[in-house]
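Hello,

Here is the structure we talked about. Please open it and keep it in view while you read the notes below.

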Amino acid sequence: MMQISLAPMEGVVDHLMRDMLTQIGGYDLCVTEFVRVVDQLLPAKVFYRLCPELKQQGLTRAGTPVRVQLLGQDPVSLAENAVRAVSLGSHGIDLNFGCPAKTVNKSKGGAVLLKQTQGLYDIVSEVRRAVDKKHKVTAKMRLGFEDKALAIDNAMALEAAGADLITVHARTKVEGYKPPAYWDWIARIREHVRIPVVANGEIWSAEDALACQQQSHCQDIMLGRGALALPNLAQVIRGASPMSWEQVKQLLADYSGYEIYGDKGRYYPNRIKQWLGYLKRQYTQADALFEQIRTLKTAQQILPHLIGETGFKP
Ligand SMILES: Cc1cc2nc3c(=O)[nH]c(=O)nc-3n(C[C@H](O)[C@H](O)[C@H](O)COP(=O)(O)O)c2cc1C
């Protein structure tokens, strides 16, 4: 049976989006936005903020397990924080070796680590040593930084260090998010490791998922931007019909019902506009709706555009 995970997306896939998408269903696992680790053991509140699901056994309301992702370069600090995250209820730990963001606070992390196979090894082995074997330690990598020369060595190092699974976003850092994703490279990696490999990158439809599975020789996949462009993509890949635009609008309206504290009401308008940016890819109507609400600043102003003046029952 194919496993589908929801990709970590900083600033986009937060706990509310995870809640909504896992309720629609089809996901076996979610990975959180990265927690940046420099050289300190972070307080529990940092983990709770990025992953409020920790307060409910690390599960979304739909019951989908959530795994905290860490980003950093210092093996000892990553290990300490990994232990804390699982003790708070994270379903394993994922390590980020793909983030293209620039160095912050002297701390590297993410894709730059792909230039140093030994560094990847050191991080994963330290985290694996520290975290109880009953919890999975997984890694998410790109094919490289500038080129793909180390792709296979890096994957082998992750396995040798004790990673339980690797997810491969099939592009280099320099290739960014530009199509294509090189799914055939995932197949090359798979030939060299025995641990499970999850294929990621550029899956927008059921046809893409199938082509990705065939070219990567992986059964399991992770969905990122496609999951936002088509909110029931995981179910579509499993055989359902794509959601209608009416259903999507209802979903956007439902999203306003989530209570968000301490953001002065800006959260919803900002996130809904961001989401429409992704929805445009699948729904031509998303563009027009974006134009209608572009300058609106509150949920109250936006809602009538989603469900029509008469249909709105607060
Ligand atoms: C806005 C945005 C934020 C992302 N944040 C993270 C992150 O926090 N951690 C991570 O490992 N990958 C992150 N990614 C990469 C995605 O998890 C995924 O690997 C990538 O988008 C390719 O998959 P897709 O083509 O299905 O979107 C991010 C991607 C985007 C577009």
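**What turned up**

Start with Asn200, which sits in strand β7 (residues 197–200). Keep in mind that the model is predicted. Is Asn200 buried or exposed? Asn200 has 28 other C-beta atoms within 10 Å. The cut-off for buried is 20 or more, so Asn200 counts as buried. Leaving aside neighbours within four places in sequence, its contacts include Ala7, Thr167, Val168, His169 and Gly224.

Next, go to Lys140. Lys140 lies in strand β5 (residues 137–144). Lys140 is buried too, because 27 other C-beta atoms lie within 10 Å. Beyond residues up to four places away in sequence, Lys140 touches Asp94, Asn96, Phe97, Gly98, Thr167 and His169.

What does the record say? The unreviewed UniProt entry has a "binding site" annotation that covers Lys140 and Asn200.

Now look at helix α3 (residues 75–88). How far apart should its ends be? The helix has 14 residues, and at 1.5 Å a residue they should span 20 Å. The end C-alpha atoms are 20 Å apart, so the two values agree.

Which residues of α3 are buried? They are Ser77, Leu78, Ala79, Asn81, Ala82, Ala85 and Val86. In an α-helix there are 3.6 residues a turn, so residues three or four places apart point the same way. The buried residues of α3 pack against β2 (29–36), α2 (44–50), β3 (66–71), β4 (93–97) and α4 (117–130).

After α3 comes Gly89, with a positive phi near 120 degrees.

Best wishes

Key
Residues numbered from 1 in each chain as written. Predicted model: local features only at pLDDT ≥ 70, side-chain atom pairs only at ≥ 80, totals over all residues. Helix = DSSP H or I, 4+ residues; strand = E, 2+ residues; numbered from the N terminus. Expected span 1.5 Å × (residues − 1). Buried ≥ 20, exposed ≤ 12 C-beta atoms within 10 Å, placed from the backbone. Contact = placed C-beta atoms within 7 Å. UniProt positions renumbered as here; feature names shortened; annotations may be inferred.
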